[in-house]
Amino acid sequence: MDVLGQLLNTTLVFSTALIFASLGGIFSERSGVVNIGLEGLMMFGAFAAAVGGYYAQDAGMGDLAPWIGVLCAMAVGIIGSLIHAVASITFKSDQTISGTVINFLAAGSTLYIVKLLFDGSAETPLLDGFTKYAIPVLSKIPIIGEGIFNSYPTTYLAIVMVIVIYFILFKTPFGLRLRAVGEHPSAADTLGVNVNRMRYIGVMMSGMLAGIGGATITLTTTGTFGHNTISGQGFIAIAAMIFGKWNPLGAFGAAVFFGFSQAIRNYVQLFEWSRDIPQEFIFMLPYVLTIIVLVSAVGRSSAPSALGQPYDPSKR
Amino acid sequence: MHKLKKIFATDSYIVPLVAILMGFLVGAIVMLVGGYDPVAAYSALFKRVFGSPYDFGEAVREMTPLMLTGLAVAFAFRSGMFNIGADGQVIIGMTAATIVGIKLAALPSFLLVPLAVIAAGLCGGLWAGIAGYLKAKRGINEVITTIMLNWIALFLANFIVRTFLLLPGQNRSEDIPASMSMTFLNSMFDNARLHWGTAIALAAAVFFYVYLWKTKQGYEMRAVGLNPHAAEYAGMNVGRNVVKAMFISGVFAGLAGAGEVLGVFHFQSVFAASPGYGFDGIAVALLGLTHPFGVILAAILYGTLTYGSAGMSFGADVPPELIRIVIGSIIFFIAAQGIVRWVLKPFYLKRKKEKVL
């Protein structure tokens, strides 16, 4: 077995969730709504996928079951994000606060429901989840074939989504309007764009995508949902979004980088050179590198200018 | 009396109270839907916290780090920054206190303990200061640097504990001889782990208030927080204020770390995952409306609820996770004050009518 190929493959498995969630973050923040609630939205998704996937599997749906899980995750992610949208867009409350609320409600309600549904058990029953799909011909290429073209369907979907969302955001009138609302809402309003509606769409898209992100974790990695299934991935996704300058392609790169930093932990003992270095230094290296890259990168980070401000047409 | 009336007449005090009640109501509805008895659950919660001197002392112990991390997040907020890194700053504070507490154990304790506490505060402050410096000098978003610094702190602390302080065969450090425990309270509180960190937390809240609202430096800091461009135009050094604010914020978090290792555990574990102090701190800061005295009250509420939630699962068989729904709802209603005002509207109308009559 080729270690490099496996490392690449594991990297993509860990990255997939981060890619989806950071794409979600981009949708929300490009429309001007801070989304600190990605962690909670991922939790909603991971939970819904575990529960929905389990019942679908129980009903004998076989290979279709994990996809039902993904659909459930999308739906629950959207519902969860609506709490954030109503509080921060309609009631104009502080966006950071309502994002934090999502994190709390998700942590509480998902585990509460799991205990209700499965007789007090703290985890959902183990799922079969997705199986890896080898793309014909391409998967025979050395290293890359093993690394990239023999992945879970969700990983392929994530890569496709990066391109699709890049296209939507930067090449369509809808994307232009969404970005306009995040940069200069009153100007967009003057030109007839419904600011609040665009923001609702942005936040709901973020709920859906972060939900899928969470779903990929239960359906490909853990097979079950418990209290530590989502532990910090949402915040790493936020970091990936900022690192990638709110651009889908940049966030993709950053998500793969952070995925690599998680994957390397499983492989660190396999390399000759790494045995003499304390493992903690290898673990922290990616985070140190991120800061170094940010320091040396030219230009300030380019957050959408109206980020975090509720839109109030009576103010100018 | 007149003053008291005035306080309760202002709706800034009524709204949070109603928000808390509505949060409990949401929790009760969720329990009813799940087939539990909310009255039994809530009384078990409060019985757990106030039922015995030991449990009361332990609840206060639980509130202490919440006060300090809440103050840390709130202080940064007031200066226009979002410090997600209180978690890492607590860890660094813990590690500094542990190192001093173990390696300088030869010192007499009236020197050793203050030294360990100061080291914790200083190191927590410097750790947060990194994020402040990078924001001031390079314009790097503090959210991403503090998230990165959390992970770096976690691994750095584990490395230090594993390499220099390990108790052989265990996944934790040696016992720390330095102690912040208030042993004279042991008989009164049945050996609950009370420690001086609580007093430090209260003092920190007073410092927070006096510094931000009664000094020139604090005025500058708030100005920078409200509008950095205007502050700069008025001749204030925005960068310096940013670094200073993050430093003070980190000192609060670092002190929380000192209390945890010197007052509660008396050793430092190797962390398998992020201990989560910082995220509780964010919730407490928001719950306390980022005002120092509000933060203290919020930490008391939050600590009561989380400590009491264990009683809820023993006494009424309700999953303790429910309390997160209650806390989340309270924060939600405090944030979306529009909803609470909408609920209160009929009462306001009544009051106005009375005045007219």
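How many residues does the contact take from chain B, and how many from chain A? In this predicted model, the contact takes 48 residues from chain B and 44 residues from chain A.

## The interface between the chains

The size of an interface is often given as the accessible area lost when the parts come together. For chain B and chain A that area is about 4000 Å², and 81% of it lies on carbon and sulfur atoms. Three residues, B:Ile144, B:Met148 and B:Phe155, supply 16% of the area that chain B buries against chain A, which is more than any other three residues provide.

Charged and polar pairs also cross between the two chains. There are two salt bridges between chain B and chain A, and one of them is formed by the side chains of B:Arg162 and A:Glu280, with a distance of 2.7 Å from N to O. Four residue pairs are in polar contact between chain B and chain A, counting pairs in which both residues have pLDDT 80 or more.

## Which parts of chain B face chain A

On the side of chain B that touches chain A, at least two residues come from each of the helices α2 (11-34), α6 (109-138), α7 (142-164), α12 (277-287), α14 (322-335) and α15 (337-356). Helix α7(B) gives the largest share of this side, with 13 residues. By residue type, the side of chain B that touches chain A divides into 35 nonpolar, eight polar and five charged residues.

## Annotated regions of chain B

An unreviewed UniProt entry lists the feature "transmembrane region" for residues 12-36, 56-77, 89-106, 112-134, 146-167, 194-212, 282-302 and 322-344 of chain B. Two of these spans can be described from the model in some detail. Residues 89-106 of chain B are 83% helix and 0% strand, and the C-alpha atoms at the ends of the span are 27 Å apart. Residues 282-302 of chain B are 81% helix and 0% strand, while the end C-alpha atoms of that span lie 12 Å apart.

## Salt bridges within chain B

Side chains of opposite charge can pair when their charged atoms come close. Over all chains, a search of the whole structure finds seven salt bridges. One of the pairs is B:Arg193 with B:Glu58, whose closest N and O atoms are 2.9 Å apart. Because B:Arg193 lies in the loop between α7 and α8 (197-214) of chain B and B:Glu58 lies in helix α4 (residues 53-78) of chain B, the pair ties together parts that are 135 residues apart in sequence.

With a relative accessibility of 48%, B:Asp175 counts as partly exposed. Salt bridges that share partners also join B:Glu58, B:Arg61 and B:Arg193 into one network.

## The setting of B:Glu142

B:Glu142 lies in helix α7 of chain B, and at 6% relative accessibility this residue counts as buried because the cut-off for buried is under 20%. B:Glu142 forms a salt bridge with B:Lys135, with the closest N and O atoms 2.8 Å apart, and B:Lys135 is itself partly exposed at 26% relative accessibility. When residues up to four places away in sequence are not counted, B:Glu142 touches B:Gly80, B:Met81, B:Phe82 and B:Lys135.

## Residues in loops

In chain A, A:Lys140 is placed in the loop between β1 (133-134) and α5 (144-147), and A:Lys140 is exposed, with a relative accessible area of 69%. The C-alpha atoms of A:Lys140 and A:Asn150, which are 10 residues apart along the chain, are separated by 9.3 Å.

Key: Residues are numbered from 1 along each chain as its sequence is written. Chains are lettered from A and ligands numbered from 1 in the order in which they are written. This is a predicted model: local features need pLDDT of at least 70, side-chain atom pairs count only at pLDDT 80 or more; totals for chains, interfaces and linings use all residues. Side-chain values use heavy atoms; hydrogens and water are left out. UniProt positions are given in the numbering used here, feature names are shortened, and annotations may be inferred rather than shown by experiment. Helices (H or I, at least four residues) and strands (E, at least two) are DSSP runs, numbered from the N terminus. Contact means heavy atoms within 4.5 Å. Buried area is the accessible area (1.4 Å probe) that two parts lose on being put together, summed over both. A salt bridge is a side-chain nitrogen of Lys or Arg within 4 Å of a carboxyl oxygen of Asp or Glu. A polar contact is a pair of N or O atoms within 3.5 Å; within protein, one must be able to donate a hydrogen and the other to accept it, and residues adjacent in sequence count only if both atoms are side-chain atoms. Ala, Val, Leu, Ile, Met, Phe, Trp, Tyr, Cys and Pro count as nonpolar, Asp, Glu, Lys and Arg as charged, and the others, Gly among them, as polar. Buried means under 20% relative accessible area, exposed over 50%, partly exposed in between (1.4 Å probe, protein chains only).
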